[in-house]
Amino acid sequence: METLAFYLSPLGLALTFVWNFAVLSSVQVTVRLLRLYSVRAMLLGAALLTVGTLPVTALYLALASLTYDEAVAQRLLAVQPAAWQAYIVQNRLRWLPVAMLLMAGLGFLVARQVLRFKRLRGAIVAALGVGILSAPWAALLVLPAP
């Protein structure tokens, strides 16, 4: 729950928004060139991605909790805290592709509807970039308290 609380905090939301703005800007410049760059469209797209990140992160953490074994975690924590942290990160990495896929779908919608990508190929490339870069990576860093 600590991880989701971080994403819902003002700092977490601000950092997610700034990150999503940077992701969309990099995708825009990479795929469509600088001459079509619009700060307003980037701000709107980043806001939509930030709002979309919250349910994706909640689902991602719920899926990760399905494969989390509390008994194993407690044994690892008793032996070595670093092993416990590695267990949590490994468990969350297992489910990260699901979150990436969901963020890619949202990225595709933002590319087509907000950024007005006309070519399907460009929207797919943008979606892949958004899916990889806007996945809930901070969930690998913000771990629950032991």
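Does Arg-116 count as buried or exposed, and at what relative accessibility? In this predicted model, Arg-116 counts as exposed, at 53% relative accessibility, and the residue lies in the loop between α5 (81-114) and α6 (120-133).

**Overall architecture**

- Read along the sequence, the elements follow the pattern α-α-α-α-α-α, and the C-alpha trace spans about 55 × 30 × 20 Å along its principal axes.
- Of the 146 residues, 38% count as buried, while the accessible surface comes to about 8,200 Å², with 73% of that area belonging to carbon and sulfur atoms.
- Among contacts with a separation of 6 or more, 74% are made by residues 24 or more positions apart.

**Nonpolar cores**

- The largest nonpolar core has 25 residues, and those with the most contacts inside it are Leu-24, Tyr-60 and Leu-115.
- Helices α2, α3, α5 and α6 each supply at least two residues of this core, with α3 giving the most, at 7 residues.
- Leu-24 touches Met-42, Gly-45, Ala-46, Leu-49, Val-110, Leu-115 and Val-130, when residues up to four places away in sequence are not counted.

- Helix α2 (residues 10-32) has 23 residues and reaches 32 Å from its first C-alpha to its last, which is close to the 33 Å expected at 1.5 Å a residue.
- The buried residues of α2 are Gly-12, Thr-16, Asn-20, Val-23, Leu-24, Ser-25, Val-27, Gln-28 and Arg-32, and they pack against α1 (2-8), α3, α5 and α6.
- Helix α3 (residues 39-66) has 28 residues and reaches 40 Å between its first and last C-alpha, close to the 40 Å expected at 1.5 Å a residue.
- At Thr-53, α3 bends by about 25°, and a proline, Pro-55, follows within four residues.

- A polar atom of the Thr-16 side chain lies 2.7 Å from the backbone oxygen of Gly-12, and, leaving aside neighbours within four places in sequence, Thr-16 is in contact with Tyr-7, Thr-50 and Thr-53.
- Thr-53, found in helix α3, likewise counts as buried, at 2% relative accessibility, and its side chain reaches the backbone oxygen of Leu-49 at 2.6 Å.
- With neighbours within four places in sequence again left aside, Thr-53 is in contact with Tyr-7, Thr-16, Asn-20, Met-103 and Ser-134.

**Backbone at Arg-116**

- Arg-116 has a positive phi of about 60° although it is not a glycine.
- For context, most residues other than glycine have a negative phi.

Technical notes
Residues numbered from 1 in each chain as written. Predicted model: local features only at pLDDT ≥ 70, side-chain atom pairs only at ≥ 80, totals over all residues. Heavy atoms only, no water. Buried < 20%, exposed > 50% of the residue type's maximum accessible area, 1.4 Å probe, protein only. Contact = heavy atoms within 4.5 Å. Areas by Shrake-Rupley, 256 points an atom, 1.4 Å probe, with all protein chains shown as cover. Expected span 1.5 Å × (residues − 1). Bend = angle between axes of the 7 residues up to and from the residue. Polar contact = N/O pair within 3.5 Å; in protein donor to acceptor, adjacent residues only side chain to side chain. Core = buried A, V, L, I, M, F, W, Y, C linked by side-chain atoms within 4.5 Å.
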